[in-house]
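Have a look at the sequence and the structure first, then read on.

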Amino acid sequence: MVQLFHELTAMHEQLGKEVTKSMVHIYTTKQKQSLPLTSFIDMLTQLFEEGKRCGDIRTGRPSAALALITIQLYFGALKLWMFSHLHEPLSTFTIDTITMFIDYMQKEGD
């Protein structure tokens, strides 16, 4: 999962803040419905389900909720980066944040 977000952040960093802002703006203003994140949410949900089955994820929280939290963490980091509130690379901030969340789910559970 961390590798997935590493690839996404690397893409945004390569495109740059202004291009990423434009893409997000165009995409969100052209959509008549909510963002089509269903397949991304489904993929993350399945990853969390697998983690639960293997015993790597120790929480009673629904995997779909964990997937949504992960997406919120990613888009929150992306927004902070786009508007220059971060002093570190997007990839570092995002990976550290998502890793912290996953570590919590592995060690603490609920």
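Of the 110 residues in the chain, 31% are buried (buried means under 20% relative accessible area, exposed over 50%, partly exposed in between, with a 1.4 Å probe and protein chains only). Keep in mind that this is a predicted model, where local features need pLDDT of at least 70, side-chain atom pairs count only at pLDDT 80 or more, and totals for chains, interfaces and linings use all residues. Residues are numbered from 1 along each chain as its sequence is written, and side-chain values use heavy atoms, leaving out hydrogens and water.

So what is the chain built from? It has five helices and zero strands (DSSP runs numbered from the N terminus: H or I of at least four residues for helices, E of at least two for strands).

Now pick out helix H1 (residues 2–15) and helix H3 (residues 38–54), which pack at an angle of about 150° with their axes 12 Å apart (axes are lines fitted to C-alpha atoms over the stretch in contact, and angles run from 0 to 180 degrees between N-to-C directions). Leu 4, Phe 5 and Leu 8 of H1 meet Phe 40, Met 43 and Leu 44 of H3, where contact means heavy atoms within 4.5 Å.

The whole structure also holds two salt bridges (a side-chain nitrogen of Lys or Arg within 4 Å of a carboxyl oxygen of Asp or Glu):

| Salt bridge | N to O distance |
|---|---|
| Lys 21 and Glu 18 | 3.2 Å |
| Glu 50 and Arg 53 | 3.1 Å |

Lys 21 and Glu 18 both sit in helix H2 (residues 17–30), three residues apart. Lys 21 is partly exposed at 23% relative accessible area, while Glu 18 is exposed at 54%.
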